[in-house]
Amino acid sequence: MTHPALQDDVIEEARRVHAAADAELDAVVADIEAWVNSDTPGGDVSALDRFAAELAHTVESYGMHPELVPAGERGLYLHAVLEGEGTARVALLAHHDTVFTHGTAQERPFRRDESRCYGPGVADMKGGLGVAVHTARLLVRGPRPFARLELVSVPDEESRPTAFETIDRLEGFDAALCLECGRANGEIVSARKGATWFRIEARGHAAHAGAEPDVGRNAIHALAQEAMRLLGLHHARVGLTCQLTSIVGGEGLNTVASHASLTADMRAITAADLEWAMTEVAAFGEHDGIRFAVESLGGPPAFERTPTVAALAEAAILIGADIGHAFGEALTGGVSDGSWTAHHGIPTLDGLGPVGGLDHGPNEYIETATIPTRCGVVAGLVAALDAGLLRDVG
């Protein structure tokens, strides 16, 4: 190890937690199994609150101090704190909502084979929740190289287009480590595209399509032309994507359409590229008698690979290599609450949950052997942050 923050005691802490998690792997998997077999569909506040309360009880039994924070109609947020002997304040960021409806876990409950665990939400992200909880549990037994370790599990990550409700509680934290699953090849996530979801409304003038077709001003015709123009933004810059996701309009089979609308998903690697693309979206052509309006429907900011993110990623890769878990780093287009912590100025690293894949589908999985190694990497990062990993990083 060459980085001064990756000194012997840091590496020793990563090795200790890795070894303990490996020795107690069945206990970690048992928690993940129970959580996967508890349906927590997004939007079902009663189910989500029930799960949050059970999770709070579990982490309290592991030595943390939980608080359930009401967030209106979104459900309860869990913040569980562990106080330490060091100086760093680190958040472990997770969510307990899934995309699966009630009854899914009964239809295809958690199962484990020689190398993988399967079940609804096991990768996204109850496996990551297992890594967060059990890393904290095992850090309780050691020297506690941090001032404050705060586990945050939110109930609304899958559907919320804005920052999570309790993000201000992490103001001034040294880092946020997000436990979304690692990529299928093991990569952690050091950058995520920003997204803007938007709607374009077109308004024209209705008329009889047979008797007076030229009297009307057809909003569908105009919007269709603009839709084809938007397709030109797809890959117009490196990493920029534009996908039309719906288009509707019109009054009936024999009427010149007076109104039409489309929705679209725009994503970019940098905030600057996303801003440029949205300026282009509003550069409408001339359409006689047609009015256009663009409405933003929200979306996460870009999570860019800043120098602090790069330092976190490089440290994670070195720690992983030391405990026999080789991986790289990746940019992805998916959404995570790590995008919001990064946007709020908190150095963030993502994809630290178990290696897995096929999220949101019937064959969603995690690689069982990566549960203890990810625990070791997260523990090592916490210790490295306390040792000054980001102290001189601009």
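Student: How do the residues of the lining of the largest pocket divide into nonpolar, polar and charged?

Tutor: A pocket, on a 1 Å grid over the protein atoms alone, is an open set of points where a 1.4 Å probe fits, with protein on both sides within 12 Å along at least five of seven lines, and lining residues have an atom within 4 Å of a point. Here the lining of the largest pocket divides into four nonpolar, three polar and eight charged residues, where Asp, Glu, Lys and Arg count as charged, Ala, Val, Leu, Ile, Met, Phe, Trp, Tyr, Cys and Pro as nonpolar, and the others, Gly among them, as polar. This is a predicted model, in which local features need pLDDT of at least 70 and side-chain atom pairs count only at pLDDT 80 or more, while totals for chains, interfaces and linings use all residues. Residues are numbered from 1 along each chain as its sequence is written, and side-chain values use heavy atoms, without hydrogens and water.

Student: Which residues are closest to the centre of the largest pocket?

Tutor: Of its 15 lining residues, Glu157, Glu158, Gly334, Val335 and His360 are the closest to the centre.

Student: What lines the second largest pocket?

Tutor: The second largest pocket has 14 lining residues, with Ala302, Glu304, Thr306, Ala342 and His343 nearest its centre, and that lining divides into eight nonpolar, five polar and one charged.

Student: Which residues does leucine 352 contact, beyond its neighbours within four places in sequence?

Tutor: Contact means heavy atoms within 4.5 Å. By that criterion, leucine 352 is in contact with Val131, Leu177, Cys178, Leu179, Glu180, Ile188, Arg374, Val377, Val378 and Leu381.
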